[in-house]
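Please work through the exercises below with the sequence and the model open side by side.

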Amino acid sequence: MAHSIGETDPDKEKQMDEVEVSRNNEFTPEFEYSQAEEQALLRKQDLTILPLCAAIYFLCYLDRSNIGNARILNSSTHNDMQTETHSTQYQFNIALMVFLVAYATFEVPSNILLKKLRPSRWIAFLMFSWGAITMGLGGVQNFSSLAAVRFILGASEAGLLPGLVYYLTFWYKSDERSVRVASILASATLAGAFGGAIAYGIGHMNGASGLSAWRWLFIIEGAPSCVSSLLVLFFLPDYPEEHLKGREREIALARLTVEGSKSHHRSMTWQDAKTTLTDWRLYGHYLIYFGISVPFSSLSLFTPSITAGLGYKDLRAQLMSVPPYAVAYVTQIVGSWSADHFNARGIHSAVFSLLGAVGFIAMVTLPVDAYQHRYGCLILASAGSFACVPPMLGWLSSNVYSTASVGLAIAINVSIGGGIGQIPGVWIYPKEEASRGYPTGHWTNAGMLLMVSAGAAGLRVWYGYKNRKLLRESNGQEVRLFKL
């Protein structure tokens with residue numbers, strides 16, 4: 001009988017050696033447990049890990065994207081961030097871009113350090129750093145200081161998303177990850193919704209203690225990250241073999257003997273790096289993640305500006321940025337559960353990206369003054385764009401197996417997509433196109449999402465072909481199949 005687990009490393013002997021070491025060191029192969037016991041363990045892990053991870057990413061995303069709110073906050077009285085830092089639109093976009101340059105640069109080394117230094121310590125360090133740096137943004141006075149602080153912020157936040165996805169591979173099997181990744185990433189859409197509401201409230205603090213509201217926004221939203229880093233340091237468990245005891249520990253290790261990353265496995269070697277870098281199918285994953293990162297980035301930074309272009313002004317524009325994120329939150333969770341449950345991550349990614357493309361195309365083809373209809377299309381575009389991300393990350397991590405390789409592959413994926421892929425999103429919504437409904441941004445995002453849809457469908461077909469070939473050549477023996 002074939003197990004749907006997948007094939008990735010060309011060096012199969014090394015891969016099987018690692019599995020054998022895991023079996024010998026961790027549990028007796030004949031160890032048995034019931035489905036009820038496994039479900040009870042999963043519930044315990046979920047309650048221990050996921051709320052904390054989701055809260056971490058919520059604060060990270062809030063601190064990253066609040067510059068989009070600060071850019072237009074109280075612009076009607078010229079107390080917005082762009083005006084008070086004496087930045088042109090071009091300069092402000094440069095400040096947004098340098099964040100992404102740092103983000104792409106530091107993701108791979110950060111994932112290596114996560115395993116060397118332990119997840120709780122490294123994530124707590126990153127969290128305190130970005131919180132303090134976000135508060136520092138409240139003190140910038142000009143373009144130079146804004147760009148410099150944004151670069152440092154990008155470096156400190158770079159390791160979180162690939163780090164959390166990598167961290168989950170130590171705790172969950174491949175068919176359990178997408179919905180868990182979604183529960184974490186959905187906190188970003190929740191942060192987008194709360195960010196608009198928080199900015200709306202803080203906007204009324206303009207002039208308090210002599211500070212503009214956008215400065216208060218950074219100070220107030222950065223402080224919780226600093227405080228929460230202590231909770232992460234002391235309460236985030238590192239690995240199941242250390243955190244769990246007795247029978248629960250044995251069940252956890254038995255579940256993950258083949259599919260999970262292992263804390264005791266060696267750190268990355270040059271051979272691991274070479275194997276991962278020359279596994280050309282992974283570049284298909286990197287390409288489609290690059291494509292989804294453009295709308296992900298542009299919506300994160302410009303949703304308040306887009307809603308302002310739909311006829312909602314100033315603080316009202318902040319408030320109207322909430323519903324698109326709220327709908328995207330629900331779509332991410334439901335879609336990711338379905339993708340895992342039906343082993344259909346590629347199809348779900350293709351369908352959601354197609355729906356997102358339809359939303360962007362409709363926004364740009366409708367009359368500019370059809371505000372309500374275009375606002376509904378913005379909700380559709382946001383839901384489709386954000387819902388693609390968790391299945392893509394779960395798909396990649398499910399089809400890479402050695403502990404060292406999965407950490408590198410995830411980091412490269414998020415670096416190419418989350419870093420380099422987000423840079424175009426900074427430039428595609430120029431302010432002067434607001435009166436015309438931002439056609440450049442909407443057409444660009446639609447094109448990228450159509451590419452994602454075609455790429456995800458193509459990758460799904462290729463994996464299906466490889467699985468059929470593996471089954472034909474297995475001669476009735478167990479064989480690891482690609483996740484679909």
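The structure is a predicted model, in which local features need pLDDT of at least 70 and side-chain atom pairs count only at pLDDT 80 or more, while totals for chains, interfaces and linings use all residues. Residues are numbered from 1 along each chain as its sequence is written, and side-chain values use heavy atoms, with hydrogens and water left out.

**Exercise 1.** Determine which residues of helix α12 are buried, and where they lie around the helix axis.

Solution. Begin with the terms: helices are DSSP runs (H or I, at least four residues) numbered from the N terminus, and buried means under 20% relative accessible area, exposed over 50%, and partly exposed in between, with a 1.4 Å probe and protein chains only. In α12, which spans residues 270-277, the buried residues are Asp-272, Ala-273, Thr-275 and Thr-276. Viewed down the axis of α12, these buried residues fall within an arc of 165°, so they line one face of the helix; the arc is that of the directions from the helix axis to the C-beta atoms. The face of α12 turned away from the buried side carries Trp-270 and Lys-274, which are exposed.

**Exercise 2.** Describe how α2 crosses α8, and then how α15 packs with α16.

Solution. Axes here are lines fitted to C-alpha atoms, for helices over the stretch in contact, and angles run from 0 to 180 degrees between N-to-C directions. The axes of α2 (residues 35-72) and α8 (residues 177-202) come within 7 Å and cross at roughly 40°. The two helices α2 and α8 are therefore oblique to each other, given that angles under 35 degrees count as roughly parallel, over 145 as roughly antiparallel, 65 to 115 as roughly perpendicular and the rest as oblique. By class, 16 nonpolar, six polar and two charged residues make up the contact of α2 with α8; Ala, Val, Leu, Ile, Met, Phe, Trp, Tyr, Cys and Pro count as nonpolar, Asp, Glu, Lys and Arg as charged, and the others, Gly among them, as polar.

For the second pair, α15 (residues 322-341) and α16 (residues 345-365) pack at an angle of about 145°, with their axes 8 Å apart. On the α15 side the contact (heavy atoms within 4.5 Å) is made by Thr-331, Gly-335, Ser-338, Ala-339 and Asp-340, and on the α16 side by Arg-345, His-348 and Phe-352. These residues divide into two nonpolar, four polar and two charged.

**Exercise 3.** Is Tyr-325 buried or exposed, and which residues does Tyr-325 contact?

Solution. Tyr-325 is located in α15, and at 4% relative accessibility Tyr-325 counts as buried. Leaving aside neighbours within four places in sequence, Tyr-325 is in contact with Tyr-61, Thr-189, Gly-192, Ala-193, Leu-299, Ser-300, Thr-303 and Phe-386. Tyr-325 and Gly-195 are 130 residues apart in sequence and 10.0 Å apart in space, C-alpha to C-alpha.
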